[in-house]
Amino acid sequence: MKRRMKAGSAAMALALVVFACGDTAADTTTTTAAPAGTTTVAAETTAAPPETTAAPSGEPIVVGSTLSLTGAFGPTGVIHQIAGELFVDRLNEEGGLLGQPVEWDLRDDESVTDNVATLYEQLIGQDGVDLIIGPYATPNILAAMPIAERHGYVMPQHTAVLAPTLTYPCQFPAWSIGFEPNAFIPNQLADAMDSLGGAVETVALVTNQSGSAAFVTFGRPDVEEPAAQTIFPERGYEVVANIPYPPGNTEWDAIAAEVRQADPDLLMVNGLGVDANGLIEAMLALDGYRPPMIFALFPAPGPLLALGSSSGIEVLSVSIFEPNEAILADMEPSVTEIVDEFAERATAAGVPYTVFETQAAASWNAWEILVQGVEGAGSLDHQAICDYLHESGADLTFAGPVEFDESVNNFWDTNLGIKQIQDGDWVMVWPAERAAAELRGPSS
Amino acid sequence: MKGGKGWIPLAAIALSIGILPWLRELTGFPASYLVLLSAVLFWTAQATSWNILSGYSGYFSFGQGAFYGVGVYALAVLVGRHGQSWWLGLLLGGVAGLVLALVIGTIAFRLRSLRGEIFALLTLAIPFILSAIARVTDSIDGGQGIILPVPEYPDFFGPFQQFIFWLSGAVAVLALVIAYGMVETRYGWALFAIHDDEAVAEGLGVPTFRHKMIAIAANGLIAGLSGAVSALQVGFISPEGTFNLRVPLFVIVMSVLGGRLFWAGPAVGALYVVTLQNRLAGGFEGWSLIILGAVLVLLVLFAPEGIMARFVRRPWTIVAVAAGVLAALALYGEWGDPVSWFALALGSAAVVALLPAGTIAGRRTASPSSRLGSALADPGEPETSSPGIGKTLVEAGEVTRRFGGIHALRGVSMRLSEGELVGLVGPNGSGKTTLVNLLSGALRPTSGSITVDGVDIVDMAPHQIVHQGIARTYQIPRPFNSLTVKDNVVVAIMFGREPRGLAASRQAAAEYLALVGLSDLGDVRPGGINLHERQLLEMARAMATRPRILLLDEALAGLNPVEIDNAVAVVRRIHRSGVSIVLVEHLLRVVNQLATRIVVLDQGRLLAEGDPATVMQNPAVVSAYLGSEAHARRD
Amino acid sequence: MNVLQAGLAGALGGSLFALMALGLSLTWGFLKVINLAHFGLILLGSYLTFELATSTPLGPLNTLLVTIPVLCVLGAAIHLAYERFEVSELSSLLVSYGLLIILVQVVHNIWSADFRRMDASVNPYATRSISLGDLSFPLPTLLAAGFGLVLVVLVGTIINRTYAGRALRAFGQDREIASAFGIDHRLIGVVLAGVAGATAAIAGMLFALRGTITPDAAFEWVGLVFAIVILGGIGNVAGTFYAGLLVGAVSGVVASFWTPSHSPLVVFSMVVLALVFRPEGLFPRRAGRH
């Protein structure tokens, strides 16, 4: 008995000593070689065609991040993974960053918020990555941000919706949903509905009770602020149903029955993933019931497009970019290249919906913000990068020139718009000046 | 389950946690390792607290997420919504866990029909309810989650990660101290006894309800505190992120991998799982869950009793191998980082631990002849005559017990006086065992009264009746199988009529083993002794509660003639020591030989009573006995 | 009217979860194995249905011809492994959790993390319904209820009326005694685990029929399915089915009266109350014939 307890203590003491001593060795090893278990993207680029600009040389710059490759956020995580890998490959082909090759050390946070903080702490503290980029989904970003702030790392992030709470000055939103998405999104939708000349008078709100989606319907629970449930009545639309449901909900029949009972002109599904799919299918199963207009907030684009196309429902959703021909025609040819190459890689990865759209564009924006910040600062000094971005903003392929204003948590003027399923494709329809086609009203 | 010098590693852990941050400044120990260590400490606290209830007492809980979750939300609401200070949040987190535990315990442990399975399922449902409450209540969460600002804490704690490390460490040490302290005191032993056989534990004087409540309270308190610390660390709280399957499943995985029967087992499991997860997080895309799942499956299949159980067999070899691997990798220095070295050292330690070992210690078997001799021939004992009959000790008046429509006992009255050895006989189904169960409190009479030394015991719990001086044995022996023969007796001494501490009880145990002649088998587990020896153990254990009345329920059933003679000698010895005995027995030869008086039951009624010679001549007794025996044979 | 519609549709939806619960309940009740891997089998069933229906002309319902044998064998094989290593009830929970995460990752690696959905041309059932006056019954869950009913009658008859069934019940109550009476527990266990695997195939097919699938779905089923197993009584075939209908109906009605977020609150409070007051399940088995 005594023996084994002493053995335990001895083991522990030894472990402590080795950890302490091992550190000096670690400092040298981690900088000279890639840390064990890195997803080495740079390796693939050695086969890059020779005609590109001078091949990057020297030690690789390591960018660390997590994505939800498995778990609840997995379906979108994989899109950000493919987009990011494509970006890094193209970057290295074009000479890398500061003349050095870039490596992306990507880890799987398994959609578990607690893992995110631990992994970022490891990436920055333990493995000493040079730069970071944010994870996917609002809760994960909120978990990663304090770590970035503590270490003073610049953190471009793709998708956090709770704008007012993102107070770290060196976080840079890549999908600017506006500083007040709770007001912006309902108002933009109301604008679009106004244009239909009175075809829509009543609205039903169906809301996933998780951070970002519920924020748009209700605002924050402890703050009096405008949100969908107050904005629609103010704009003259009657809210005929307001139904919250828990995340991970799988039973849509009861909600479908409620909506059919309320019979709104517009159904606003502030949900995530395939929530809208589940609800629409359940409604269709009620004698083919369908509200005249349906808006889905953050849907998985592929399955909803498939359902909408096959059932002839012209669903609306938010978007910052759709590769519609009319839009591509106005952009640089490289955009078409990106879109095509993304589709190729997504197909190879076995992803069913291979279109480079909002999520991928957000990812691209984030990488561009990071790269332009570093190039602008001319170093890997985070304060310098952060200052440069605040001073000079960035020029984004999918959003044009943007500026970062600390007073609104760096949320630049949103380029958020509304897309609609038209003839089997997602098409930008609102606002009119950025639309690829006209918004279609309820077909009667 | 045994303790010993556990305070050495405990003090070492506490000391390392305390000085690590200073050590860190001296040696340049990177701060990021604090994150990994904080995770180990968080899971150590969670798994250890789970193990106090579920590992020690065997009440398997799926509800760890509930205790953890109320701790998380208590802090989140107080700090995030009401701007209170972090330490108040921590305090409330612990209290919330504690209160929830007491509520669940009060409901669950009061249920008469409660079995372990029901408890497990009950606890499974609680986190779902709490999650829904948090979601639909705006003043708690409302569904959007709570963002916590980085708390303001004294500069003394240094960087935030160090602050969290210390808090996690404090809670983990608290958990380990409680877990270890229990092993060294009555509290833990009561739980081990409950784990093996709750009814028997209660029947040996263990207040089982109170000890289960203590265990669940410890579980709730620690889990709540630890949850509150993790809320501070994570900074963003949501119902789906809090009340999910991760915490309840992981504490089970860690405790089982580490070893549920060891106080340090869950901590070892936490160390392994966290390190493995850390190493799998990068570079194993598409394989991490497959590897984790495979490791879990293999470990449970090949080391179901946990790593600690293997570790204790050859601790120095294992430590030496781990140290060797660690030192070699550190000296070579060309491969990986210290965490990888450490992970590899842990892995090699596990491999060495899992290599098949020789025979398991503690299961030695004495030769049969030497075993029996001791009890039979006890030359030092003077042949004194039976003690004289004294005042009335037990009085049962008009006791009736029904099971549904069936009368097991109908208005039976009997008394037992000091110095008596009453033989309780009657055909099968006559109500003998029911009477024993009523006297020992295992059952309550439908009507009638039972007093012990003038004290009414009808409404008493069995353990209180033990403290009134009644002890019993079971017809089919029910030893605590995970404890040694000696420790079976130790439990009875600790919780008997004159309770003693662990150390004193260990010393006193020899006396009772000698009384029944099991002195040589004290270190053997009950699985390694025969039926006769187990029945002797029943008697030793009952006697260890220092009873005034001993109820022997067919203590000689299934024995061969030699063994019967031996058992008779033991019973006689017990009787001579001044304990009154009620002997339920089929063998009339034995009863006639031992009893000072005989009570005959038939079909739940008292048929006859008196001295053996007279009663056995009673025609009614002869007819009831022989008639029913004859009937039984025809069947 | 609306509450009635929500309750009825909910009850039908509950029958799908009852089908998922059936296999779990069977192996738990009779073989003393808490087989979390069952959720992995259901997931695999969904994806196989998706794959076969989209890449062959079989049609979603006929995929059962392939998936039932496959999952039957897989379920039996997993049980054989449990038997071989003499896995206890507690250990089975951990081992099967390990198997579950392996199965989920395998599905993830084959079909990617993204959502999958059978096209309307392949799967005409998803949005169809049968109407009765103002009430509509969605076809996928109607099918689930139908399959559930057939399985309950079939499995119930086997367990209550046949020698194998009686042996099984004896085995569920006391392994050692049953073995002493010459009951070949190994064979019975394998057959039962195979049957549970077959129910996983059916449940998986119906889930794929309803709409979109992701690898993560397996974890989302756990809570509701366990609630149904407990309310129905562990090992009680008919009870599981009734419990599924009840849980679904209650969820639907609560969602209609309050909000869907209140449903888990009510359902799991029901579970707690049932455990406190009716620990043998809400639908106690009638005493079987011996």
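**Bonds, rings and confidence**

Modeller: A:Cys170 and A:Cys386 form a disulfide, with their sulfur atoms 2.0 Å apart, and please keep in mind throughout that this is a predicted model.

Colleague: How many disulfides are there over all chains?

Modeller: A disulfide is a covalent bond between the sulfur atoms of two cysteines. The rule applied here asks for sulfur atoms within 2.5 Å, and the pair of A:Cys170 and A:Cys386 is at 2.0 Å. Over all chains, the count by this rule comes to one.

Colleague: How many residues apart in sequence are the parts that A:Cys170 and A:Cys386 tie together?

Modeller: Both cysteines, A:Cys170 and A:Cys386, are buried, and their link is left-handed, with -100 degrees about the S-S bond. A:Cys170 lies in the loop between β4 (155–157) and β5 (171–173) of chain A, whereas A:Cys386 lies in helix α14 (residues 382–392) of chain A, so the parts tied together are apart in sequence by 216 residues.

Colleague: Is C:His79 buried or exposed?

Modeller: C:His79 belongs to helix α3 (residues 64–84) of chain C. Leaving aside neighbours within four places in sequence, C:His79 is in contact with C:Leu31, C:Gly189, C:Val190 and C:Ala193. Because its relative accessibility is 3%, and buried means under 20%, C:His79 counts as buried.

Colleague: What is the relative accessible area of C:Ala164?

Modeller: C:Ala164 is found in helix α6 (residues 163–173) of chain C, and its C-alpha atom is separated by 40 Å from that of C:Arg117, 47 residues apart along the chain. C:Ala164 is partly exposed, and its relative accessible area is 42%.

Colleague: Which kind of aromatic pair do B:Trp86 and B:Phe163 form?

Modeller: A pair of aromatic rings is described by the distance of the centres and the angle of the planes. B:Trp86 is buried, and so is B:Phe163. The ring centres of B:Trp86 and B:Phe163 are 4.8 Å apart and their planes stand at 85 degrees, so the pair is edge-to-face. This pair links distant parts of the chain, 77 residues apart, with B:Trp86 in helix α4 of chain B and B:Phe163 in helix α6.

Colleague: Which are the edge strands of the open sheet in chain B?

Modeller: The sheet has four strands in the order β4-β3-β6-β7, with antiparallel pairing. Strand β3 (residues 392–403) of chain B pairs with β4(B) over eight bridges, and B:Glu395 has B:Arg415 in β4(B) as its bridge partner. Each edge strand pairs on one side only, and these strands are β4 (406–417) and β7 (455–456) of chain B.

Colleague: Over the ring of which residue does the charged end of C:Arg84 sit?

Modeller: In chain B, an arrangement of this kind places B:Arg478 over the face of B:Tyr474, at 4.5 Å from the ring centre. In chain C, the charged end of C:Arg84 sits 4.9 Å from the centre of a ring, and that ring belongs to C:Phe85.

Colleague: Which helix has the lowest mean pLDDT among the elements of chain C?

Modeller: Chain C averages a pLDDT of 88, and 94% of the residues score at least 70. Where pLDDT is low, the predicted coordinates should not be read in detail. Among the elements of chain C, helix α2 (residues 37–55) has the highest mean, 96, while the lowest, 67, belongs to helix α7 (residues 175–180).

Terms used:
Residues numbered from 1 in each chain as written. Chains lettered and ligands numbered in written order. Predicted model: local features only at pLDDT ≥ 70, side-chain atom pairs only at ≥ 80, totals over all residues. Heavy atoms only, no water. Helix = DSSP H or I, 4+ residues; strand = E, 2+ residues; numbered from the N terminus. Buried < 20%, exposed > 50% of the residue type's maximum accessible area, 1.4 Å probe, protein only. Contact = heavy atoms within 4.5 Å. Pairing = 2+ DSSP bridges. pLDDT = per-residue confidence, 0-100. Phe/Tyr/Trp six-rings, centres within 6.5 Å; stacked < 30°, edge-to-face > 60°. Lys NZ or Arg CZ within 6 Å of the ring centre and 35° of its normal.
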